[in-house]
Amino acid sequence: MIQFTDVIKSYAQGNKALNGVSMQIEDGEFCFLIGPSGSGKSTIIKLITGELKPTSGAVHVNGYSLERIRKREIPYLRRTVGVVFQDYRLIDKMTVYENVAFAMRVVGAKEKEIKERVPYVLELVGLEGKMNRHPTEMSGGEQQRLAIARALVNNPSTIIADEPTGNLDPERSFEIMALLQEINNLGTTMLVVTHDQNLVKLFHKRTIAIDDGLVVNDGLEDESNEAE
Amino acid sequence: MKLNNLGYLFKEGFRGIFLHGFMSFAAVCVTVACLVIVGSFSALAYNLDVMVQELNQTSEILVYIDSDLSDAEARSIGTKINMLDNVLQARFVSREEALEDFIADHDGDSAFSGVQASDLRHRYVVTLEDNTKMKQTDEQLKQLPGVAKTNAAYELAEGFSTIQDVLHIVSIAVIAVLLVVSLLIISNTVKLAMYDRKDEIAIMKMVGATNGFIRLPFVVEGFTLGMMGAILAFGLEWMGYDALIQKVASVDALQLFHFVPFQELLLPMVAVFGAAGMFVGIVGSWTSIRKFLDV
């Protein structure tokens, strides 16, 4: 579960990125986070992943209180939150298999577990036949599937997708969103940050709209649109 | 960190060396260059020190015996001279031997053809254990009955001591500066290697790797690169040093220079190169990775 209570986040220069955000995303929920550039979406993601601490208010993510979290606990928080980025952030010199296995190895998984889990996750995202390819040999859509597989492989309870379709054409975007929904159906909480209004309308999910550091709407897609 | 991960972490450390071949090559080259410079200067300083010491050992005091004493009395003074604390050896030179040396030194010079043995004194050539105490020993020799005068070049001996002292200070200063410069260069090279892998580190942080887990392969890699650099530098130093000794030995004009064999420098060189390689590798990677871990 992700819970923000009256969260204010100010940066060193004095500008406030969040002005008192309160929201709650339940376990297993699928939720869009929308808002214009500079509205505070990235700050929310950084607060969830422990890159930032709130200036005031409370942030709870999967049992961790981010305002009180110790530095050495942050890696364990991050194991509960998989992140997918617009620019994929894959390691080009590693193969598809190695990119996913790498994410398991660095959290200390045993080789036997890796050999069982990686092919399963790659099959889930539709890359089972491309294990030995390198990211540079793949299309944008395939690279994003690989990034999703990597986020998923450690079985996090939450996945945050930051503009996952930003670099993709509409058809690939739809496929990626369908994949994220499929993963959500398996029980993973999904928070998707996007600018793509068409996808938000198409998938008709709970949508939290942020503007100027405040939640300006929280509800199903139609209600959010009305607020904008 | 689980024990069963250690094997993987060490394997990753070694794999990283080959995976990032060019940066590894650059780091090893820089380590080799810096250590060879430090090692060469240290070897040079050590040899200069030995040479100055040897030159200083050749300083002697000439003790002239009163010409009124008989040959037997003159020879008996040698026992008293040898009993003095700082005297290593007192060699008797009779006035006849002194004349032979004089003639040999001034061979063909007609101005000295009339010099007789009786014009000269019996003398002792006194070598000392510690040339820094030459002045005190000279004073003691002058006090001995039967000694007419002495000739001690203690200004020269003191000059050698001063040269040695200056050499020690300059060597330590230069080696310290070279070591610091080497550390900075190597640390920067390691930083570049880290920068090359900053995306990889960011991904590791993102998926929840602990700092210790991220750091260990880099430290293993840094240590291995440092040691590889140290071993290569040591081999080059040895080969270069031996080649230099052979070259010096083959040139007549350079016979004055006497270099100690590398075997004499072996242990300190192994210790210094090993410690420096390990230190720059581990400290360089440990400190360089810190800023990339702060995500």
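Reader: Why is strand E7 (residues 158-162) of chain A said to be largely enclosed by the rest of the structure?

Author: Five of the five residues of this strand are buried, so the description applies. Buried means under 20% relative accessible area, exposed means over 50%, and partly exposed lies in between, with a 1.4 Å probe and protein chains only. A strand is a DSSP run of type E with at least two residues, a helix is a run of type H or I with at least four, and both are numbered from the N terminus. This is a predicted model, in which local features need pLDDT of at least 70 and side-chain atom pairs count only at pLDDT 80 or more, while totals for chains, interfaces and linings use all residues. Residues are numbered from 1 along each chain as its sequence is written, chains are lettered from A and ligands numbered from 1 in the order in which they are written, and side-chain values use heavy atoms, with hydrogens and water left out.

Reader: How do you know that both faces of E7(A) are covered?

Author: A:Thr158, A:Ile160 and A:Asp162 on one side are buried, and so are A:Ile159 and A:Ala161 on the other.

Reader: What makes E7(A) and strand E8 (residues 189-193) of chain A a pair?

Author: Two strands pair if DSSP finds at least two bridges between them. E7(A) and E8(A) have five bridges and run in the parallel sense, with A:Thr158 standing opposite A:Thr189. Strand E6 (residues 81-85) of chain A is likewise joined to E7(A) by five bridges, again in parallel; there A:Phe85 has A:Asp162 as its bridge partner.

Reader: Why is the contact between A:Glu29 and A:Arg206 called a salt bridge?

Author: The term requires a side-chain nitrogen of Lys or Arg within 4 Å of a carboxyl oxygen of Asp or Glu. For A:Glu29 and A:Arg206 the closest N and O atoms are 2.8 Å apart, and the pair qualifies. The two residues are 177 residues apart, A:Glu29 in the loop between strands E2 (16-25) and E3 (30-34) of chain A and A:Arg206 in strand E9 (residues 206-211). A:Arg206 also meets A:Asp218 in a salt bridge, at 2.8 Å from N to O. A:Asp218 lies in strand E10 (residues 214-220) of chain A, twelve residues from A:Arg206.

Reader: What makes A:Lys112 and A:Glu116 a salt bridge, and where do they lie?

Author: Their closest N and O atoms are 3.5 Å apart, which meets the criterion. Both residues lie in helix H4 (residues 111-124) of chain A, four residues apart, about one turn of the helix. A:Lys112, at 62% relative accessible area, is exposed, and A:Glu116, at 53%, is exposed as well. Over all chains, the search finds twelve salt bridges.

Reader: What makes a set of residues a nonpolar core, and which members of the largest one touch the most others?

Author: The members must be buried Ala, Val, Leu, Ile, Met, Phe, Trp, Tyr or Cys residues joined through side-chain atoms within 4.5 Å. The largest such core has 89 residues, and A:Phe4, A:Ile48, A:Val106, A:Val118 and A:Leu180 touch the most other members. Helix H3 (residues 96-105) of chain A gives the most to this core, with seven residues. A second, separate core of 21 residues includes B:Val32, B:Leu35, B:Phe273 and B:Ala276.

Reader: How do you know how many disulfides there are?

Author: A disulfide is a pair of cysteine sulfur atoms within 2.5 Å. By that rule the count over all chains is zero. As for individual cysteines, A:Cys31 has 0% relative accessibility and is therefore buried, whereas B:Cys29 has 35% and is therefore partly exposed.

Reader: How many helices and strands does each chain have, and what percentage of its residues is buried?

Author: Chain A has eight helices and ten strands, and 54% of its 228 residues are buried. Chain B has nine helices and four strands, and 43% of its 295 residues are buried.
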